[in-house]
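Dear colleague,

I am handing over the structure we spoke about, and below it I have written down what I found. Please keep it open while you read, so that you can follow each part.

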Amino acid sequence: MASLFSGKILRRRARATQTERVRERRHEGFLRYAGFRWAKISGGLCLLVIVSYALIDVQPRPNGGSWYGYTLGTVGALLILWLTALGYRKRRMTRDYWSLKAWTSAHVYLGLSLIVIGTWHTGFQLGWNVHTLAWALMMLVILSGLYGVIVYATLPAALSNNRDQMTQMQMLEAIRAFDRQLHAAAQPLGAADTAPVLAALEEDPFAGGIRARLTGRYPRCATAAAQRALAAATGGEAEARAKVVALLTQKQAALARLRAHLRLRALLEVWLYVHVPLTFALIAALSAHVISVFFYW
Amino acid sequence: MSGLVRVAIIGSGPAGLSAAARAAQLGLSHVLLEKTDHLSDTIFKYQKGKRVLATPERLDLRSDCRFGEAARETILADWDADAAASKVEVVYNAEVVEVTGAKGAFEIRTAKGDTIAAEAIVLAIGTQGNPNRLRCPGNDLPHIIYQVDDPEDFKDRHITVVGSGDAGIENALGVAEEALENRVTILNRSKEFARAKAKNVADLTEAGENGTIDIRTETQPKLVEEGWLTLETPDGDERIACDTIVARLGSVAPRAFVEAMGIEFTGPDREAFPKLSPTFETSVPGLYVIGALAGYPLIKHCMNQGYDVVEFINGNTALTPADEKDLAAIFAGLPQEKSVSEWLDFLRARVRIFADVSPLQMREFMLDSTVGFYRQGEVVFEKGDPGSSLFAIAEGHAEVEVAPGVTVPIEEGSIFGEVGLISGRKRGATIRAGADSIFVEVSRTAALKLMAAVPGAKRAIDRISLERQLLQIFKGGLTVEDLAPVVEGAEVVRVPAGKVVLTEGDEGDDVYVIRSGSMVVEKDIGGKPIFLRYLPAGSYFGEMAVLSGEKRNATVKAAVGSEVIKLTGAGFKAMLAARPQVREATEAAVAERAAMNGFIESRKASYASAVDLYSDTASFIMKEGLGEATDALLIDENLCVGCDNCEKACADSHEGLSRLDREAGKTFAHLHVPTSCRHCEHPHCMADCPPNVIHRGPDGEVFMEPGCIGCGNCMRNCPYGVIRMEATPPPKPGLLSWLLLGRGPGPGEPSPKWTKKRLGEEKPKKIAVKCDMCKGIAGGPACVRACPTGAAIRVSPEEFLSIARLEEDAG
């Protein structure tokens, strides 16, 4: 694939004896890559399909089984397989020149073009059969991918802002540090006040399930509960309690940062758990579709 | 002690032990004096089970003691056995405090008061010196230790670390590891940890905030007792529980002790070594210095010298050093037939910078150098090539291409390539052989050693480099004679990072040339300093005021610790007056700079926020130390989704270890500087590498060749914390077998748990691991190739802070 992406890349030859090395210095995101090269290619492809569909008079009517339908179907099926290969490309660190950004860019725009290629391939004949199942799965994969593009374009800045130069390990360490301080500060408290603090200490910052992770809402947060309980409590050891309440408030802030971090990361990743399995379902349905078409030739 | 011995050897490390073993084998009367109660204290103190490496591999071992790569225990046991087998006369617990007398009748006095009479003395005491002790009562108690071999030796104890340097902080952090359950206190006499690296201070502060280390500033020990330590604090005395005291108060270098014997050093600098003859004899006849103290930190060198020095003392003048065949190989490709010593004399006679070099030093320099024969017209290097070695012309001459088609000759005996050596930047001009010539290429490390050891060589190199730099800047039309008035009054000024060299609005007409480091130019616009330009080494500034006669129109300050050459305005003007075409060229350059300043000022009016962002980003980048970077990884956090594919790609492109930590590091306006190598202009990691395996490669990358001994100096010297000490993990199953069958840990660096399970009991050696910019990989740096969104870029500061970027931002 390397030759496809050789465009305006800074190449240089260090010395005659050295291997030629490529250095990508341009600062642009995957959507804008090479001046929207893949958006243009993909748009052109869609336009070609729509115009040719209108111009070519397939008899008796536009159909997936016509020569035109077969052409679109073959292009679409090959595209689907190639788009799936991104998962392999991403993880395979070969030594030749390729840019995953270029692959992502092509993946996004060519993937979107499948809406046109796949739908026009059907000739708008949809029904309750394995063929339409493949089409529907394809549309779902594209939709989940579209969500992915949107979160990739919008969430990173929020992730960066929330992190505020801290690493995830440092966030966890900060919470553990508050726990240690809480443990020491809660020693003078009575049994009734100690129980909620102990619950807060035992709380696992990662617990809460998928729902809490995605919404960032933790209604059963033991730290928040302990903070409420102790703030409302009265009786002896008021000074120690005030110190514990202050620490609980600080821990809550640290927890909020970590939870926001985990939420953003989850939102950036969750769609892959739809996109990838659906892709394999799509490939299965597509195989069934292709085999059945040829079986009933 | 009875009788006069033929040779007394002080220090029983590899060098001393090898010397004593040789003396014993030759049947010479001898004595080996050791300060402690065991042989080879430095290696004895290594961490348990540490692998000791035997580099350089090409050098043959010549000693009566065995040595090869092995665990510390094996090596020490071998040496004990070899010393016994050779019947070496060792005196333990004999710390030498004074040496008097002269050749044939030296008298050595030990701390215990014994005296030993010797005809000759071999000094092999290394460079470790003696650690400074606590100065309070109780400082002789056994629970005070001076180093921490393995933090895991300490569990559930009260530990107090005294000392605020890197060693103290690193020890404190080591024993404060949560699982060890120690209660750790660190004492600092002053308020700040000023002597330590920023990263260590940050880690310590964090540990203090987390409560894992109790940091006590303005506090010092007052009284040491078994189990307790009394502290002198600003609020009065305090007694704390303390089972172990780790004292890291630096050490006394052995130099004063050595000089007291009358031995002369090559210079006043810290890097200087004793002056030695080819037989390791010092300026005091009969007194010999070998090993680390003589400037040879590697064990194999030390052992060979031990053998050689005793042979020399015994009158064996025919002995050639063990490196003879290596030197012979260096001269092998040359057209003339000469012996190694004839070649060395030839070079010393021909090349000016080698004139003051002793024959022993010359051998050493040549081992780090190559000698090449070049046909007339052959290219030595091209403009823009990376390279930091220095070339000397032993025969023939060189031609410098100062402009296309314009060449200037460099005569026999002179040097070239010094710009790369001094500034660490790429080659400034193409050089060809002007006739059939012999050039000596001296590696950067050897050249720096030469400059430190031989003052005459340093002066020659400095003068030539200034002339060349000026010729380069004012391309063509100038001769060395024209430069005379400028060079005469020139002065090299060191500028610490952040220091202002020129202030906007001041009078003054001095012109400055940046010799090393880099500068930033700022202008006060609307009450705020606005970044105008980044000036890398080799640029000049201050010329505007000379030409216009007006006040300084911008402020210039050092982005990193730099060296500038100050030229007087008068000399500069005289030079311009003599050469009108140079004046025109300079005026044109000034006009271009002025136009760019004007552009930024005009943008400031219409796009204030874009200019502010550009300026603030530039300040951030400089604050992060990127002013000394040549190629750094930056991450645009508007695009980074946190997939860590960069780290995984890095690990998978190398031997399974990632050289970058994406998440760590500072961020400004969504621009993130991750923890990864910046390939500094003058790499700090190169400063002290005993096996000398860190080099700058052809693409400008700073990389490590095999041969690391795992000493950790580079890791400690790197101010950016980008070097890890790590063992190579075992190979993983392939990608497909992970994807399809779920075998192995998958892409990226395997977890320590997986590695441990795979290796079982085996503990592989840890060596330094750093970014090599994917050296030798045709596709280029993997981190950037593997970024799915285009967030990761690799740039040099001048590329990143280009005006194009501002235009892009301003739209």
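Is helix α10 (residues 359-367) of chain B mostly covered or mostly uncovered? The helix is mostly covered, with eight of its nine residues buried. Those in α10(B) that are buried are Leu360(B), Gln361(B), Met362(B), Arg363(B), Glu364(B), Phe365(B), Met366(B) and Leu367(B). Please bear in mind throughout that this is a predicted model.

Next, the domains. Chain B is divided into domain 1 (4-129 + 253-313), domain 2 (144-252), domain 3 (324-473), domain 4 (486-605) and domain 5 (630-727 + 763-795), and the centres of its domain 2 and domain 3, taken over C-alpha atoms, are separated by 50 Å. Chain A is divided into domain 1 (30-162 + 274-295) and domain 2 (168-270), and 46 Å separate the centres of these two domains, again taken over C-alpha atoms. Their contact takes eight residues from domain 1 of chain A and eight residues from domain 2 of chain A.

Between them, the two domains of chain A bury about 810 Å², of which 65% is on carbon and sulfur atoms. On the side of domain 1 of chain A, Leu155(A), Leu159(A) and Asn162(A) lose the most area to domain 2 of chain A, and together they account for 65% of what that side buries. Across this interface there are zero salt bridges, although two residue pairs are in polar contact. Helix α5 (residues 130-163) of chain A supplies the largest share of the domain 1 side, namely seven residues.

The UniProt record, an unreviewed entry, annotates residues 35-55, 67-88, 100-121, 133-159 and 270-296 of chain A as "transmembrane region". In the model, residues 100-121 of chain A are 100% helix, and the end C-alpha atoms of that span lie 30 Å apart. Residues 270-296 of chain A are 93% helix and 0% strand, with 39 Å between the end C-alpha atoms.

Lastly, the two chains meet in a contact that takes 48 residues from chain A and 58 residues from chain B, and they bury about 4,600 Å² between them, 47% of it on carbon and sulfur atoms. How many salt bridges are found across the interface of chain A and chain B? There is one, formed by Arg163(A) with Glu637(B), whose closest N and O atoms are 2.7 Å apart. Between chain A and chain B, 19 residue pairs are in polar contact. On the side of chain A that touches chain B, α5(A) gives the most, with seven residues.

With best wishes

How values were computed
Residues are numbered from 1 along each chain as its sequence is written. Chains are lettered from A and ligands numbered from 1 in the order in which they are written. This is a predicted model: local features need pLDDT of at least 70, side-chain atom pairs count only at pLDDT 80 or more; totals for chains, interfaces and linings use all residues. Side-chain values use heavy atoms; hydrogens and water are left out. Buried means under 20% relative accessible area, exposed over 50%, partly exposed in between (1.4 Å probe, protein chains only). Helices (H or I, at least four residues) and strands (E, at least two) are DSSP runs, numbered from the N terminus. UniProt positions are given in the numbering used here, feature names are shortened, and annotations may be inferred rather than shown by experiment. Domain bounds come from an automatic or database domain assignment. Contact means heavy atoms within 4.5 Å. Buried area is the accessible area (1.4 Å probe) that two parts lose on being put together, summed over both. A salt bridge is a side-chain nitrogen of Lys or Arg within 4 Å of a carboxyl oxygen of Asp or Glu. A polar contact is a pair of N or O atoms within 3.5 Å; within protein, one must be able to donate a hydrogen and the other to accept it, and residues adjacent in sequence count only if both atoms are side-chain atoms.
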